[in-house]
Amino acid sequence: MPKTSGGSSYSFIHIALLLLITLLARPALAYNDSYQLSGPDAPSREGYFTLSITPAPQQQLVLQQSQSATFDTIDAEFRWFGDFEQITLTGFTDGEYFFRLQPAADAAEASSNVVKVTVNHYPRWQAYSLFFIGLALFILLVASLLILRRRV
Amino acid sequence: MNEASGFALSSSLGLTLVVLFGVAWVLFGWYLGRANKTHEDFALAGRNVGFALAAATAMATWVTSNTTLVAPQLTYQLGVWGMVGYSFAALGLILFAPLAARIKRLMPHGYTSGDFIRLRYGRLAWYVFIAISVVYAFGWLVSLGMAGGILLEALSGLDYHIGMTAILIICVGYTLFGGLRAVIATDFIQALIIIIGVVLIAWFLIDTVSLESIHSEVQSNHPQLLDVLFPAAMMFLFNNIFFGLGEIFHSNVWWSRALAFKGKVAFKAFLLGGLLWLPIPIVTGFIALAAPQLGIFPPSADMVGPMVAAEVLGKVGAVVVFIVVFSALASSLDSLLAATSDLVTRDIYHKKLRPEASDAHLLRFNRYSILGLGVLTWLLCLPQIATLGALLNFAGAFVASTIFPIVLGLYTRRLPGRWAAAAMFFGTVLGLTGYFVIGFYVAALVSCIVSATICGLGLSFSRSEFNWDDLNEAEEQQS
């Protein structure tokens with residue numbers, strides 16, 4: 001049965017080669033349909049952040065935002081500008097947000113991985129403290145200027 | 001990328017505008033520079049600048065990448081507070097008005113802010129001050145060069161390096177030929193272009209996208225931008241004010257103007273310049289709030305202003321935006337090149353290395369300094385290392401430490417040099433520590449608090465009295 005066995009290994013090699021050829025023969029555009037989306041590693045403290053993609057877009061893309069990882073509901077969509085590899089989004093309140101890319105013309109199929117961004121603003125006490133310290137120092141400066149100017 | 005991909009101008013039109021703009025300014029600089037006979041003419045425009053030119057140059061120089069690119073950036077990031085907070089930087093010009101009058105009175109023949117620190121506080125404080133000035137000058141120069149590259153890239157897709165190189169060549173060119181006289185004259189024209197252009201852009205924007213629709217879009221999808229208690233924005237507010245005050249109070253850009261203005265013009269000129277400047281960041285910042293409504297989400301926050309304006313106004317609008325922003329950048333870049341080269345020529349070369357240098361020699365060296373600064377700035381701009389906002393906030397830790405030493409040095413006899421040096425040094429070090437450990441929004445604030453505390457201690461402990469006449473040193477220059 002060595003012949004049969006040999007025939008079997010030939011068939012396996014043929015199938016493997018065929019698979020390899022099929023894989024390699026996929027049109028170049030098919031690779032461009034898939035983008036790697038990445039976001040900030042740490043939570044955003046200011047409510048704005050930048051998302052990046054690789055490779056640079058070759059077609060018009062839309063960035064979708066949802067509050068669920070499965071994108072049951074799309075909360076907002078953002079047009080990706082030109083062939084830039086980054087987009088800066090802003091004005092987010094505290095929470096977790098999920099993003100993915102889609103081709104502008106075909107809304108049915110996702111073109112990228114899903115990225116989670118956490119927004120966690122600075123605590124109010126920290127903001128008020130710095131604000132009032134700044135205000136006190138500013139009053140001191142203006143008062144010093146006015147008083148010293150009168151003296152000379 | 002081409003226009004179909006979203007850019008308002010084609011790369012070739014962008015490049016053509018740069019070349020036309022550049023040739024016009026350089027020829028104008030050369031024409032004005034023919035009147036420069038001495039180093040004083042070149043560095044201080046003969047100390048004879050009248051009120052209209054003085055107010056225009058104060059306003060135009062302060063309208064820079066800060067107002068045309070960073071104000072929209074901060075509005076896009078921090079909302080309404082970013083816009084309003086940024087306009088408070090006008091306080092720098094307004095509060096400098098009395099200081100300018102005092103500077104002119106105390107040092108009628110002075111040249112630079114470095115001169116004042118050296119004569120008032122001595123060598124140690126001078127070394128600290130020069131280090132701060134150099135870091136700040138390069139931070140600002142690099143941010144301006146970067147802004148030129150970002151502007152062209154945002155409007156036409158032209159490579160960042162081309163725009164950055166172009167603006168540096170143009171500004172170095174006409175400053176080299178014309179000195180401060182050319183800088184102030186071009187500032188006057190640039191101020192007119194900026195005011196008219198900004199008003200036009202805002203008018204068309206409100207006409208195209210209504211205020212109601214902008215408000216509704218921002219409130220629905222970017223609510224944090226309208227929050228008056230936005231934590232990061234509240235923390236940013238006074239930090240930004242002290243940064244602006246530090247920039248103006250210490251920089252030779254403003255001291256050289258105070259010394260160049262005729263008679264008692266300085267006070268009124270800086271006051272009017274500040275008041276004219278105040279609404280400009282509100283207008284340029286407001287442009288950024290329209291971005292979400294227009295579906296514009298920029299790659300980098302500092303590109304939002306030109307992108308929105310170009311989207312609303314189309315190709316003609318993009319040309320207007322280009323001219324306005326390029327004028328704003330040029331009006332600051334030329335001033336900074338002139339002022340920093342004066343500092344290098346006067347404070348370092350003349351006072352430290354060649355006290356016997358002739359006037360013609362100093363004039364020649366001043367021009368070499370401008371050229372050298374231009375080349376160094378170009379090298380530092382090559383890697384686009386940070387956003388404009390981040391770059392500027394880093395410099396805040398340095399300049400805010402100079403506020404109290406400058407104010408107290410101009411008005412009191414009692415603050416000694418070692419205390420002033422310690423105030424600037426420790427203010428900067430702890431401001432930088434705050435920048436890296438806490439965040440950008442405390443750098444200038446911490447720096448100023450530390451510096452003010454040390455100055456206060458210096459005033460309490462010191463019994464020495466400075467003699468104001470020591471500020472007027474005899475010139476050693478040979479003709």
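The legends below describe close-up views of a predicted model. Residues are numbered from 1 along each chain as its sequence is written, and chains are lettered from A, and ligands numbered from 1, in the order in which they are written. Because the model is predicted, local features need pLDDT of at least 70 and side-chain atom pairs count only at pLDDT 80 or more, whereas totals for chains, interfaces and linings use all residues; side-chain values use heavy atoms, with hydrogens and water left out.

**View 1. The elements of chain A.**
Chain A contains 3 helices and 7 strands; helices (H or I, at least four residues) and strands (E, at least two) are DSSP runs, numbered from the N terminus. Read from the N terminus, the order of these elements is α-α-β-β-β-β-β-β-β-α. Of its 152 residues, 37% count as buried, where buried means under 20% relative accessible area, exposed means over 50%, and partly exposed lies in between (1.4 Å probe, protein chains only). A contact means heavy atoms within 4.5 Å. Among the contacts in chain A with a separation of 6 or more, 57% are between residues 24 or more positions apart.

**View 2. The interface of chain A and chain B.**
Chain A brings 39 residues to the contact and chain B brings 54 residues. Together the two chains bury about 4,300 Å², of which 75% is on carbon and sulfur atoms; buried area is the accessible area (1.4 Å probe) that two parts lose on being put together, summed over both. The interface has 10 residue pairs in polar contact, both residues being at pLDDT 80 or more. A polar contact is a pair of N or O atoms within 3.5 Å; within protein, one must be able to donate a hydrogen and the other to accept it, and residues adjacent in sequence count only if both atoms are side-chain atoms.

On the side of chain A that touches chain B, β4 (76-79), β5 (86-89) and α3 (124-151) of chain A each supply at least two residues. The most comes from α3(A), with 18 residues. By class, this side of chain A has 22 nonpolar, 11 polar and 6 charged residues. Here Ala, Val, Leu, Ile, Met, Phe, Trp, Tyr, Cys and Pro count as nonpolar, Asp, Glu, Lys and Arg as charged, and the others, Gly among them, as polar.

**View 3. The salt bridge between the chains.**
A salt bridge is a side-chain nitrogen of Lys or Arg within 4 Å of a carboxyl oxygen of Asp or Glu. Across the interface of chain A and chain B there is 1 salt bridge. It joins R124(A) to D227(B), with the closest N and O atoms 3.5 Å apart.

**View 4. Salt bridges within the chains.**
Over all chains, the structure holds 5 salt bridges. In chain A, K116(A) pairs with E96(A), the closest N and O atoms being 3.4 Å apart. K116(A) belongs to strand β7 (residues 115-119) and E96(A) to strand β6 (residues 95-103), 20 residues apart. K116(A) is partly exposed at 44% relative accessibility, and E96(A) is partly exposed at 39%.

In chain B, the side chains of R346(B) and D115(B) meet at 3.1 Å, N to O. R346(B) is buried at 4% relative accessibility, as is D115(B) at 2%. These two residues and R118(B) are linked in a network of salt bridges. R354(B) forms a salt bridge with E356(B), at 2.9 Å between the closest N and O atoms.

**View 5. Helix α14 of chain B and residue T284(B).**
Helix α14 (residues 279-289) of chain B is largely enclosed by the rest of the structure, because 8 of its 11 residues are buried. Among them are I280(B), P281(B), F286(B) and L289(B). T284(B) is located in this helix and is buried, with a relative accessible area of 5%. Not counting residues up to four places away in sequence, T284(B) touches T67(B), T68(B), A71(B), P72(B) and V198(B).

A disulfide is a pair of cysteine sulfur atoms within 2.5 Å, and the count over all chains is 0. For C381(B), the nearest cysteine sulfur is that of C171(B), 12 Å away. C381(B) is buried at 0% relative accessibility. For C448(B), the nearest cysteine sulfur is that of C455(B), 9.1 Å away. C448(B) is also buried, at 0% relative accessibility.
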